[in-house]
Amino acid sequence: MSSSKDFEEHNARAWERDSSIAPSEAGDLDRPLSRSVTISNESAIPPASQSRIPSQSPPKVAGNVATAAAARRAQYESANGGNRGSSSANDAFSTPNHHKHSVYPPATRKVNRNWAEPPDLEKERYKKDKTMRAAQEAKRNKYLGIPQNQDELPGTGFYLWPKNINSKDEDNIGNHPRDLFGINLEKLDYLRRAHSVWICWDDSKRCIKVLSQHAKRMDVDIPAAIRGIRQAVRNANAEAEFASPIYIVVPPSGKMTSIIKAKTTKEGAQGAAPVITSLQLSGEALSEGDQKQWDSELEDHRNKNFATFKEHLAKHTIRLAPIVRWMRMRVHLGHLNIRTYKEEFGRTGLGFSEFVKMMANPRTTSTCTFDRQVDGIFATGLMQEIIESPDIFCPKESRFSMCKDVMPKHTLVLFLETNAQTVRVEATIDYVLSSADQAGGTGGWDGIYRSYKVESDRYQLGTTFAYYNNTRNKRAQITTIDIQKGFDWTLEIIEDGTFPSIPSQVMALMESAVSGKTVHTKVDDLGLPYPGITLRPSSDLQVGGIVLRSIYEYQFKESEYVVEIAIYRRWENHQRAHLKPELQSSVSLYHRVWDEQTASIEGSTDERKWDRQLKVFFNQEHQIGGLECFLDRVTDIQDMLARADSVGRAQSELLEDDSE
């Protein structure tokens, strides 16, 4: 076949395809085709009104196709100088975008948009998985409603709700179940799903009914669900329990003086007395006879403090055991701030007995606060002493061979301002291992104070949690005042509630702060590196503050208590994140067992088996020494902080002398 004949058939078929008539508006079929066939070049395209054939009877499609083919052939010959067999022309028209390179305008094709889009192709395995997931979801939601024909079900159980709101029944909180569990008791959905039972309120009988359709399992499912309801009620009682702090004064050993008075203060509220931030022994030394009497009473004071500590902690842990949400138990070192005190104590101080009585007075204790902030030089000094004590300490995580190799755990904390409250969002930042890390190398201290080497320089966002507010609920608090050592400590049990889900715009904000390309370009005033933070908040999110928390964890080799040194870098808002942060630090102590015992059991029927002897916290199989060993480890950290304090003061004095 000749090239001209092939070209003719090709264009005729293309024109027939492009000029197919679509049934759209009424009367369209009576109109002629709107494509002109007399265009000589691209610059001479007439307007649509000039390119239409006068309206007559509807033309035949085949005739128009032949006419169009002839016109295209003539147009092609004109554009290519009469060379009908040019291969370049055929190549241009045969490309998918031949209209783009053609001198002839593309035909307008009318598309009917009313037809449904065809479904995506699904593989057989995907279809089976989709069907299975739908069946599982239907099974999970089966027991969330109210069953039909309740009288015909084989098993029914009842949880009687107390009528007397003044009853001393431990399960009674004086509320209607709908106020406690929701209008449809939706907070008990996990029990419905776990035990395959219906749970509903019977107003006439004033009870919660538990219904089962499984005759073979109802003797197990119904009692288990009732135990879960009882646990949920006790959880509500426990959540109403707040910390009643207690303050224990450690008796000084060795040479005792007659007076305890303020050592450092800071400005209080307007018109209020100064806030006492630390204490000291003052006055004359005791006489020889008084000193002997004090030494003889010293052991009794310590035994009394030990019994008070154990009793108070046991009482509160038993009360908090029904709480199903996440809790955390920690010891923090710092200084007690005393805001309300006797006028005599502010002027001249008090004797030991009078000071103990003052710290038992609710007027004094109600305004006391514990300051966890420790000077950064103390924190890094403690870190250095731990690194230089390999016979006592080891890394908490086995992936580090030595304490100097320990790298921090970074957490980004954002405070988002909303109309209702402040929302705290926390996201862990994970290391993206470099080639050196994968080969076994890590960053770490090089043995020189304030010098740190880092090889891993990339990060990525890890787990993200959102909390309802910035204030964590303290459920238990025991504060020990140690005048002689200069550092107080407090044991706290806190409880925090998380959001069930995190909005997408919040997740996008967190992801904008840290990415796999973040590098160690920042070094704080302590000489410690940290990942650079760059936030891009949207207009509907207001960032009230930014904190980057870096935690270094070391472990006592024998007792396995963990020392947690935290460095906090704070910025007021995201616009200032490129500037040097405000630095704060803290020192804490805990045991792995504590985290295991206070983990969340929400959505399950598990119970916390805490005892009054505190064995679950201090006397597990792999724990040694019991409560006494715990107190000894706290004393060790106090002594190390005191030494770091003296070293830091000496260094400060040397710097002052050099500057002079």
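Reader: Let us start with Q555. Does Q555 count as buried or exposed?
Author: The model is predicted. In this model Q555 has a relative accessibility of 8%, which is under the 20% cut-off, so Q555 counts as buried.

Reader: Where is Q555 found?
Author: Q555 belongs to strand 19, which covers residues 542–556.

Reader: Which residues is Q555 in contact with, leaving aside its neighbours within four places in sequence?
Author: The contacts of Q555 on that basis include I392, F393, C394, P395 and K396.

Reader: Turning to W198, what is its place?
Author: W198 is located in strand 2. Its relative accessibility is 7%, and W198 therefore counts as buried.

Reader: Which residues does W198 contact, leaving aside its neighbours within four places in sequence?
Author: W198 is in contact with K142, Y143, G145, P147 and L153, and also with K209, V210, L211 and Q213. For K142 there is a further detail: its backbone oxygen lies 3.4 Å from a polar atom of the W198 side chain.

Reader: What separates the C-alpha atoms of W198 and A225?
Author: The separation is 9.6 Å, and the two residues are 27 residues apart along the chain.

Reader: In what order do the three strands of the open sheet come?
Author: The order is 1-3-2, with antiparallel pairing. Strand 1 (155–160) and strand 2 (198–202) are the edge strands, each pairing on one side only. From one strand to the next, the twist averages 25 degrees.

Reader: How many bridges join strand 1 and strand 3?
Author: Strand 1 pairs with strand 3, residues 207–212, over six bridges in the antiparallel sense. Within strand 3, C207 stands opposite L160.

Reader: A change of topic: helix 14. What span does it reach, and what is expected?
Author: Helix 14 comprises 12 residues, 376–387, and reaches 17 Å from its first C-alpha to its last. That is close to the 16 Å expected at 1.5 Å a residue.

Reader: How many residues of helix 14 are buried?
Author: Helix 14 is mostly covered, with 12 of its 12 residues buried. Among them are G376, F378, T380, M383, Q384, E385 and I387.

Reader: Which residue caps the N-terminal end of helix 14?
Author: D375 provides the cap: one of its side-chain oxygens lies 3.0 Å from the backbone nitrogen of I377. I377 is itself one of the buried residues of helix 14.

Terms used
Residues numbered from 1 in each chain as written. Predicted model: local features only at pLDDT ≥ 70, side-chain atom pairs only at ≥ 80, totals over all residues. Heavy atoms only, no water. Pairing = 2+ DSSP bridges. Helix = DSSP H or I, 4+ residues; strand = E, 2+ residues; numbered from the N terminus. Axes fitted to C-alpha atoms, helices over the stretch in contact; angles between N-to-C directions. Buried < 20%, exposed > 50% of the residue type's maximum accessible area, 1.4 Å probe, protein only. Contact = heavy atoms within 4.5 Å. Polar contact = N/O pair within 3.5 Å; in protein donor to acceptor, adjacent residues only side chain to side chain. Expected span 1.5 Å × (residues − 1).
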